[in-house]
Every structure is written in structure tokens, then in C-alpha cells.
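I opened the notebook for this chain and listed what I wanted to look up. The entries follow in the order in which I checked them.

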Amino acid sequence: LTAGAGGDPAERLAAAARAAAAAVAALGTAGRAPACTLVAATLDAGLVRVVGIGDSRVYWVPDEGPAELLTEDDSWAAAAVRAGEDPDRAWADTRAHTLTRWLGADAEVPAAVRTVRLEGPGLVLVCSDGLWNYLLDPAELGAAVRSAYAGDLLAGADALVGLALDRGGRDNVTVALLRHEGDPT
């Protein structure tokens with residue numbers, strides 16, 4: 001989705017999520033309903049737009065300070081925390097990563113887009129739980145992302161995948177980085 005493609009960027013992102021949902025749903029047959037999560041982000045003129053279904057995430061990682069989660073997980077633990085459960089207890093539960101929303105033939109998924117104005121320079125991290133599950137503390141996540149980046153987005157993403165694998169990651173580990181330079185003044 002490029003900025004100059006016309007139309008409302010948030011609606012274009014929501015339409016892309018709906019198209020992805022339809023594509024995954026079309027793969028299903030009787031007795032076979034493949035499913036997956038979706039997370040996507042666009043960055044244009046200091047605005048990041050995010051959409052997430054499942055437990056993949058988007059974070060804002062300013063050049064200084066802790067990371068900020070921009071998406072909301074669709075998991076048992078996240079729902080329990082929203083309902084008042086102690087976060088440590090919810091995430092330690094065996095049901096913690098059970099998805100409550102997903103893309104698939106057996107899912108009806110509205111795509112809600114969140115728009116956030118970014119302040120100052122930093123990185124937008126788009127990742128699966130194969131990374132964030134090993135960097136739960138926002139300060140630690142922020143430090144790891146800034147250290148991995150070192151001026152090269154692709155090398156930074158690769159380094160973060162390596163970090164997750166080194167920490168025992170065996171789930172899918174997917175990482176993308178976007179750079180926001182802040183307001184030129």
C-alpha cells in the first residue's frame with residue numbers, strides 16, 4: 001500500500017485485511033479449515049496505521065525509551081488481562097496463547113484499523129509471537145530492537161529473528177521494521 005495510491009489509507013489497509021481473510025477462508029474445505037494470524041502496518045507522514053487479527057503485533061519503538069504496543073492481542077491471556085486477571089498469572093496459564101480471533105474458513109473477522117501519530121524518531125516493529133514472546137518487557141524489547149537495527153532495516157529484522165531463535169524460538173518468527181525519522185525541523 002503506497003501513500004500515493006489514492007483513497008483513504010486506513011480504509012485501504014482494512015480492505016487488504018478483508019481480502020487476506022477471504023483468501024484464507026477460500027482455502028478451507030469440509031473438515032479442513034486452515035487458519036492464521038494477520039498483522040500489517042503502513043507508515044506515512046508521521047502516521048502509522050495498524051491492523052491485527054490474532055496474536056501478531058505492531059510496536060512503536062522510539063529511539064529512546066520503552067516500546068509501545070500498538071495492536072491488541074486476540075488471545076485467551078489478553079482477554080483475561082482485559083477482564084482484570086493478573087497479567088503474570090494469565091500469561092503463565094496453559095491457555096495463554098489460545099487465539100480468540102483468526103483468519104480462516106471458520107472465522108468472521110472485521111478489520112479494525114488503529115491510527116497513531118508518531119512523535120520523534122524511532123522504529124515500527126511488525127512481528128509474530130515467535131519474537132515478542134521472548135521479549136515481554138517493553139524496555140527490553142525497545143533496547144533489543146534499537147541494538148539490532150544499527151541503521152539497516154533488513155539486517156535489524158534478521159538480527160531479531162536470530163535473537164528469538166537463540167532464546168529458544170521454535171514457533172514462526174516473522175519480523176519487519178519501518179523507520180520513522182520524526183518531524184524534519
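Which residues does Leu 160 touch, not counting residues up to four places away in sequence? I find that Leu 160 touches Leu 125, Leu 131, Ala 144, Val 145, Ala 148, Val 175 and Leu 177, where contact means heavy atoms within 4.5 Å.

I note that this is a predicted model, in which local features need pLDDT of at least 70 and side-chain atom pairs count only at pLDDT 80 or more, while totals for chains, interfaces and linings use all residues. Residues are numbered from 1 along each chain as its sequence is written, and side-chain values use heavy atoms, with hydrogens and water left out.

Core entry. Of its 20 residues, Tyr 59, Leu 125, Leu 131, Val 145, Leu 160 and Val 175 touch the most other members. At least two residues each come from strand 4, strand 8, helix 4 (129-132), helix 5, helix 6 and strand 9, and helix 5 gives the most, with five residues. Helices (H or I, at least four residues) and strands (E, at least two) are DSSP runs numbered from the N terminus. I also recorded a second, separate core of eleven residues, which includes Leu 13, Ala 17, Ala 21 and Val 109.

Four strands form an open, antiparallel sheet in the order 5-4-8-9, pairing being counted if DSSP finds at least two bridges between two strands. Strand 5 (68-69) and strand 9 (175-180) are at the edges with a single partner strand each, so one side of each has no neighbour in the sheet. Strand 8 (residues 122-127) pairs with strand 9 over six bridges, and I see that Gly 122 has His 180 in strand 9 as its bridge partner.

Asp 74 entry. I found Asp 74 in the loop between strand 5 and helix 2 (76-82), and Asp 74 counts as buried because its relative accessibility is 8%. A polar contact of 3.1 Å joins its side chain to that of Arg 101 (a pair of N or O atoms within 3.5 Å; within protein, one must be able to donate a hydrogen and the other to accept it, and residues adjacent in sequence count only if both atoms are side-chain atoms). Beyond its neighbours within four places in sequence, the contacts of Asp 74 include Gly 52, Ile 53, Gly 54 and Thr 98.

Methods
A nonpolar core is a set of buried Ala, Val, Leu, Ile, Met, Phe, Trp, Tyr and Cys residues joined through side-chain atoms within 4.5 Å. Buried means under 20% relative accessible area, exposed over 50%, partly exposed in between (1.4 Å probe, protein chains only).
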